[in-house]
Each structure stands twice: as structure tokens, then as C-alpha cells.
Amino acid sequence: MRRRLMLGGGALAVIFGALTGFGWSSDPTQSSFSYLMAFMVVFSTVIGTLIWLMIGHAANVTWFVPLRRSAEVVIGALPLFILLFVPVLLSISSLYPWSHPQTLSEEARQLVLQKRAMLNVPGFVTRALGYLTLLALVGELLRRWSLQQDRGRARALRRRMVALGAGGLPLVAVVLTLASFDWLLGLEPTFYDDMYGVYVFAGGFVSALGLFGLMTVAGRRRVLLPNSISAEHLHAIGRLQLAMIIFWTYIAWAQLMLMWVADLPKEVTWYIARWHGGWQWLGLLLLVVHWLIPFFWLLSRPLKRNPGTFAFMSGWIVVVHWVDVFYLVQPALHPKSFHLDWRDAAATLALASAVVAFAAWRAKSMAPVPTRDPLLAEGLTYEHA
């Protein structure tokens, strides 16, 4: 299966990568925005998986142990994102108005100049490479220690993973917040929002749990996971999906409510651009598909425990994350009217396929479960109280 994913993902990455390249030659600005959007969809899902892995270690979650390799397969793609970010670096002038402040209005130019300590190309490039390298390093350490655990020193290596999972979470949270400010908030540099980073990566964490649910169901059907992986494990993942759907909705509502009450021009302009020209309907659709439908679906115990319905909702969650990131990125380029371009889909499929192929290649010799983890036996017999 991993070989098929590697070959199939590689072939699709070449095909859709070629389409993305063609799109770049015909409309560089639209292609730059489409590529950034695609990068953030895939990157936030992989980083959400890293956060989930760190939380699993920090909390010593036993039911997660036999499923942990799925998360480790996904984070194996983290080093690739350093290379995948290069097109964003080459598109700074197309993406970020702060890179050419002379084209802005006088008021906007003054606001950008006040932030020039952050909004400058050398700083942007240096920080981006630092963010990606640090996140890749954390992922590589957790992945390497887990694989070493299969060969011995199981308890000592578990203590290392728990320590890094617990101790590294605050650092990762800060890095992700700063990255979201640089890469997405910088598209509209006059906008201020302290909660923006939490919102962005709350969405990524939801998507990661959706991907994790899909991989668990697929692992059961392909007999890659032990037979003792049961509906109890699906139910546990489903409860987390429900909790994070609620959290994402709360952050979205709190952000909107606070800005609505304050009514400050530097904040409300972001929402004004998304409440005209058809974008308002996408915002309302997002409320339905990202909160209302999954919330009531995941309230059901039988639907969470049935592999077919659970896989459907897990896939739904991954897809609507694309809609969420689209809503964050594209109105910055098309503030006057809703615009959906074929490059959006092509870039997403190219990056997702490349990440799948790379992760499958790195996972070709990995055991499906951490065979010597001290908590494995307890995790396999997990039952919800």
C-alpha cells in the first residue's frame, strides 16, 4: 500500500505540478495566491498532526499508542516543506503589499512603515526558514525516538518523547502563531488580530484529526493495524474531533464578536472585505459545513463508532478545511467579488500528492505499531469508560 501511495502520489504531483507551473506562466499573481493557499492547507494539517502527536505523548494517552505510527508517517513529510516553501519566497512581491509600500495608500503606507521591523524581506525569509527548520527538527526527534524504541530502551525513549511533547508544545505554539502572522496576516498588513494564529491552527488541528480518522479506518480495512483496534478507538478520535470543532467555532465567534464590539477600522476592514461580493455566502457556508453539520454528526455515538460513517465525516472535515483556508487567503486578492480559480485545486492536489509520496517513501520500512512501547498492550485493550 505504501508503495502504491509513493508511486501514485509522485505521478499526481508531477501532473498537477506541471499544471500549476503552466498556471504560473499565464497569471503569476493568481498562481502565487493559489500556491500559498494550497501550502497552508497541507502544512497546517501536517503541523496539526505534529501537535496531536505531542499532546498524545504529553498526556500519556494509552489508546493513542497503537495508532501513533499513523501520525509519525504524516510528520515524516515535515522536511519537505522547507523545499515547498521556496515558491512562496520567490513570490513575496506578488503576495505581500508590504514588500512595495509605495503602491499603498498614504494611511496604509504609514501603518506598514510602523511595522517595518517585522515587515521586511530579509526578516521574512530568515524567520520562515527558522520556523520550518525548528518544526521539522521536533518532528524528526519524535519520529526517530519512536523508531529506535522498536529496537530497545523502550522506557527511556518514552520518557524522552513525553518530555519533548510536553516541553515543546509552548514553543511550537509560539512558532505557529508567528508563522500565521507572517504568511497569512501579511497578505493584509493593515489588519490587526491577536487571535489569528490560534484560529488558523485550530483549523489545522481539526483537519489533522480528520486525516487521522481516515488513516485509522484505512489501516483497519487493509489489516495494517492489529485486530484489537476497535470502535472504541474510533470513538476516542471522534470525541476529539467534536471537541476541536467546538474550539474552532468558539475562536471564530470570539474573534468576530470582539471586533464587532470594538468597531476599529484597522480590524473590521478584514470582515468588510469578506461581507461583500459573494464572499459573505462563503462565510455562511463555512459556518454550516465546518460547524453545524460535523457538530451534530459527531454528537452521535453510533455514527462515531461505525467505520463507514466515521470515515465519511473524517474526510468531510479534511475537505472543509480547504474551504476555510480559501476564505482566509483569496479575498486578499479578490476583495470585490468571489473568485474561484482552477489553479486553487491544481496547486492543492500537487502539494498534497507530493507530501503523500514523500511521507510514504520515508515510511516504507516502518512497523505499523510501536511494538515495544510499554503502553502498547494497554492501548490495544482500550475501552471507553
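Reader: Which residues lie nearest the centre of the second largest pocket, and how many residues line that pocket?

Author: In this predicted model, the second largest pocket is lined by 21 residues, and Ala252, Leu256, Tyr271, Trp275 and Tyr327 are the ones that lie nearest its centre. The elements that give two or more residues to this lining are helix 11 (231-262), helix 12 (265-273) and helix 13 (279-298), and helix 11 gives the most, with eight residues. The space in this pocket comes to about 640 Å³.

Reader: How do you know which elements supply the lining of the largest pocket, and which of them has the largest share?

Author: Helix 1 (2-26), helix 2, helix 3 (68-75), helix 10 (196-221), helix 15 and helix 16 (342-362) each supply at least two residues of that lining, and the largest share, eight residues, comes from helix 16. The largest pocket has a volume of about 1100 Å³ and is lined by 33 residues, of which Leu5, Val74, Leu211, Met215 and Val356 lie nearest its centre. The lining divides into 24 nonpolar, seven polar and two charged.

Reader: Why is the space lined by Met40, Ser44, Leu184, Val200, His321, Asp324, Val325 and Leu328 called a cavity?

Author: A cavity is a set of points where a 1.4 Å probe fits but cannot get out, whereas a pocket is an open set. The space lined by these residues is the largest cavity, so a 1.4 Å probe fits there but cannot get out. About 50 Å³ of space lies in this cavity, and a search of the whole structure finds one cavity of 30 Å³ or more.

Reader: Which elements give two or more residues to the lining of the largest cavity, and what makes one of its residues charged?

Author: Helix 2 (28-58) and helix 15 (307-329) are the elements that give two or more residues, and helix 15 gives the most, with four residues. The lining divides into five nonpolar, two polar and one charged.

Methods: Residues numbered from 1 in each chain as written. Predicted model: local features only at pLDDT ≥ 70, side-chain atom pairs only at ≥ 80, totals over all residues. Heavy atoms only, no water. 1 Å grid on protein atoms, 1.4 Å probe; cavity = no way out; pocket = protein on both sides within 12 Å on 5 of 7 lines; lining within 4 Å. Points joined across faces, edges and corners; volume = space filled by probe spheres on them. Nonpolar A, V, L, I, M, F, W, Y, C, P; charged D, E, K, R; others polar.
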